[in-house]
Amino acid sequence: FQGIFVLGLPYALLHSGYSGLFLIILSAALCCYTGKILITCLYEENEDGQLIRVRDTYEDIANACCKKLSCKLGGIVVNVTQVMELIMTCTLYLVVSGNLLSHSFPYVPVTEKIWSVIAFVTVLPCVFIKTLKIVSKLSQLCSLVHFIIILVVMTYCLTQIHQWSWAKFKLSTEFEDFLVSVGVIIFSYTSQIFLPTLEGNMKNPEEFRCMLNWTHLFACVLKTTFALTAFLTWGEETKEVITDNLPSFLQTLVNLWLLTKALLSYPLPFFAATEIVYACISRGHHSNYRSPLFALGVRGSFVLLTLLMAMFIPHFALLMGLTGSVTGAAMTFLLPSLFHLKLKWKKLSILEKCADISVFIFGFLCSLAGIVCSIKGLLEVFG
């Protein structure tokens, strides 16, 4: 939840004002809700009224919903969407790493693309990761690094408390500027892709809902506090990535910490993407597809693909925005609410049905607005 997107939240407040603060809280509540209903779709009641886990993945849920049309159609759509988002996320981490290295060492005569290749070398060991336990350890380190970055930024902001003024907040905002903020805020909470795997690997799965409540609550409090503190410090001068506002002596240090965070963030989406593809390929009766060497080949191909995309796709940030608007909104809002309605319709109350429909409409509008803004940006870039 505390990803690189968090560093863009003060910039989101610049364009959204008080409505941005409300949206940070609303997004936490909606993402927590869709996470719960997605996991609910993994379970069915047996004859004794006990809940039994009859599905294991997002794909299984999709297949169950679309079985009348095709037994595999829903799973194919979900898998393609998941892999697209995960691979684009991995590629973004390499692009960000190249950018951070370039800004940290401006006197070294090396291009951003070469720096991305150097970052790629450091993530190559990911091809040998076989279990989620290793990924979780790396994610713990990633969280620690992130909190160090947040601590540094907030400590500096608190030294400037004499400059704070609530007058910097806007009561009204431009609609297009607000849409930019919506994308940044909502997609800083997305985690639905990982939830079925996470819940299935928990020692006590019955504690999942409690865990989701607490993590979203803490994420909301931290995001709101950080965004407010930073925005009140720099006001109209707030930049897209808040660390760019720091004085030069702190900026280089924080950029190196950000680089570490980006590289430690890479294994989770990479592991998830390769596991999805490997599972799809190895379902046949061919024993060769289940060999460790084949799995290594799949992971090696994917890590190379992320490098090639980082090197050769122009205007990657805009393409990432377009992909995120389609896949992010679909996986976070549209599909969980749709699947929940489909699988649990007879058991849902009127209030629950209204909640699911409202979330679906909200996700659709966010997706549509993000697509329009991203395409407009691409058209402007390409003339």
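I looked up how α4 passes α5 and found a right-handed crossing, that is, the near helix is turned clockwise from the far one by less than a right angle. The model is predicted, local features need pLDDT of at least 70 and side-chain atom pairs pLDDT 80 or more, while totals for chains, interfaces and linings use all residues. Residues are numbered from 1 along each chain as its sequence is written, and side-chain values use heavy atoms, without hydrogens and water.

I noted that helix α4 (residues 73-104) and helix α5 (residues 112-123) pack at about 120 degrees, with axes 7 Å apart. On the α4 side I listed the contact residues (heavy atoms within 4.5 Å), among them L94, V95 and L101. On the α5 side they include W115, F120 and V123. The contact residues divide into seven nonpolar, six polar and one charged (Ala, Val, Leu, Ile, Met, Phe, Trp, Tyr, Cys and Pro are nonpolar, Asp, Glu, Lys and Arg charged, the others, Gly among them, polar).

Next I turned to helix α6 (residues 132-159). Its 28 residues reach 41 Å from first C-alpha to last, close to the 40 Å expected at 1.5 Å a residue (1.5 Å times one less than the number of residues). Buried residues in α6 include V135, I149 and C157 (under 20% relative accessible area, with a 1.4 Å probe and protein chains only). The buried residues of α6 pack against α9 (208-234), α10 (248-265) and α11 (267-281).

Last, I located G49 in the loop between β1 (43-45) and β2 (51-53). G49 is partly exposed, at 41% (between 20% and 50%).

Conventions. Axes fitted to C-alpha atoms, helices over the stretch in contact; angles between N-to-C directions. Helix = DSSP H or I, 4+ residues; strand = E, 2+ residues; numbered from the N terminus.
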